[in-house]
Amino acid sequence: MRKLLERCQPRHDIYTVFGHCMEAIAIAIANSVDLRARARREARYLDIIGRYGADVVESFPQVMAELALTLEAGMSDVLGALFHDLELHNKAKGQFFTPYSLSRAMADMLIGDTATLRETIETRGHLTAMEPACGSGSMVIALADALRSQGINYQRHLHVTAIDIDPRAVHMAYAQLSLLHVPARLIVGNALSGDIREQWFTPAHILGGWKARLASAPQDKTPIETISPVVAAKSAGSFKKTEPAPDCNKPAPLPRQLSLF
């Protein structure tokens with residue numbers, strides 16, 4: 001993948017090419033199953049490929065193929081490692097992608113007692129996870145990997161809401177979670193302010209009917225879609241009352257409780 005992307009130099013800036021490649025891959029996957037924003041995304045896709053010659057454009061599906069083959073060989077944050085390997089991360093903005101080995105260790109500690117997870121699945125039907133700063137998806141991939149190692153099918157029993165303020169990071173995470181068939185809703189936005197600029201739903205989310213599954217969750221477990229967005233307090237000692245559940249026809253707000261399960 002690195003060699004494919006580096007071929008664009010010095011004619012093109014590799015940082016820009018990498019971002020466009022990730023966005024094109026994300027659009028190609030999303031438009032195969034999510035028809036709601038298909039026209040807008042297709043126009044954006046044509047705008048991206050129109051900026052490059054055939055040699056650069058043809059490298060995009062090759063990068064996607066290499067990504068799929070690598071993830072097939074073993075679960076890992078492939079794109080996060082590639083991003084760092086190409087030295088594209090922005091240190092000035094504090095942009096660092098968690099090494100997958102560390103993410104995996106944290107996921108193992110977080111899971112804890114497998115019996116409790118199975119009891120939750122038996123009662124509720126699924127587990128939910130919230131990642132407020134997902135980056136390229138390292139923590140989510142590690143969680144899915146850890147569940148699989150415990151004999152739990154994450155493709156059927158885990159749903160993830162992942163957020164990042166950087167669209168490029170969301171495109172990277174979306175590509176990897178889609179290829180790993182993780183049911184997920186990815187958001188370009190701010191987990192602290194509740195701002196939502198874009199939403200991406202993985203094929204596993206759409207094909208698995210997760211919108212209905214989350215809406216029909218037992219009432220003692222609040223579904224992600226019904227949690228009100230974060231609202232800044234007017235003063236240090238004031239708190240705003242909980243807002244009513246949003247209209248089902250409107251985009252679901254960000255979760256307020258940033259915790260797993």
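Q: Hi! How many aromatic pairs does the count come to here?

A: The count comes to three aromatic pairs, where rings of Phe, Tyr and Trp (its six-membered ring) pair if their centres lie within 6.5 Å. Planes under 30 degrees apart count as stacked, over 60 as edge-to-face and the rest as tilted.

Q: How are the rings of Phe 18 and Phe 83 arranged?

A: That pair is tilted, because the planes of Phe 18 and Phe 83 are at 45°, with the ring centres 5.3 Å apart. It links distant parts of the chain, with Phe 18 in helix H2 (residues 14–30) and Phe 83 in helix H5 (residues 78–85), 65 residues apart. Helices (H or I, at least four residues) and strands (E, at least two) are DSSP runs here, numbered from the N terminus.

Q: Before we go on, what kind of model is this?

A: This is a predicted model, in which local features need pLDDT of at least 70 and side-chain atom pairs count only at pLDDT 80 or more, while totals for chains, interfaces and linings use all residues. Residues are numbered from 1 along each chain as its sequence is written, and side-chain values use heavy atoms, with hydrogens and water left out.

Q: Which ring does the charged end of Arg 213 sit over?

A: The charged end of Arg 213 sits over the ring of Trp 210, 3.9 Å from its centre. Arg 168 lies over the face of Tyr 15, 4.1 Å from that ring's centre. A charge sits over a ring if NZ of Lys or CZ of Arg is within 6 Å of the ring centre and within 35 degrees of the ring normal.

Q: Switching to helices: at what angle do H2 and H5 pack?

A: H2 and H5 pack at about 165°, with their axes 12 Å apart. Axes are lines fitted to C-alpha atoms, for helices over the stretch in contact, and angles run from 0 to 180 degrees between N-to-C directions. H2 and H5 are therefore roughly antiparallel. Angles under 35 degrees count as roughly parallel, over 145 as roughly antiparallel, 65 to 115 as roughly perpendicular and the rest as oblique.

Q: How do H2 and H10 pack?

A: Their angle is about 45°, with the axes of H2 and H10 9 Å apart. That makes H2 oblique to H10.

Q: Is the crossing of H2 and H10 left-handed or right-handed?

A: H2 and H10 cross in a left-handed way, whereas H2 passes H5 in a right-handed crossing. A crossing is left-handed if the near helix is turned anticlockwise from the far one by less than a right angle, and right-handed if clockwise.

Q: Now the sheet. What order do the four strands have?

A: The order is E1-E2-E3-E4, in an open sheet with mixed pairing. E1 and E4 stand at the edges, each with a single partner strand, so one side of each has no neighbour in the sheet. The twist averages 15° from one strand to the next. Two strands pair if DSSP finds at least two bridges between them.

Q: How many bridges join E1 to E2?

A: Five bridges join E1 to E2 (residues 158–164), and the two run parallel. Glu 131 stands opposite Ala 162 there. E2 also has five bridges to E3 (residues 184–190), again parallel, with Asp 164 opposite Val 188.

Q: Which way do E3 and E4 run?

A: E3 and E4 run antiparallel, joined by six bridges, and Val 188 stands opposite Glu 198 in E4. Their hairpin has four residues between the strands, and Gly 194 takes a positive phi near 85°.

Q: Last one: why is E1 largely enclosed by the rest of the structure?

A: E1 (residues 127–131) is largely enclosed because five of its five residues are buried. Both faces are covered, with Leu 127, Ala 129 and Glu 131 on one side and Thr 128 and Met 130 on the other.

Methods:
Buried < 20%, exposed > 50% of the residue type's maximum accessible area, 1.4 Å probe, protein only.
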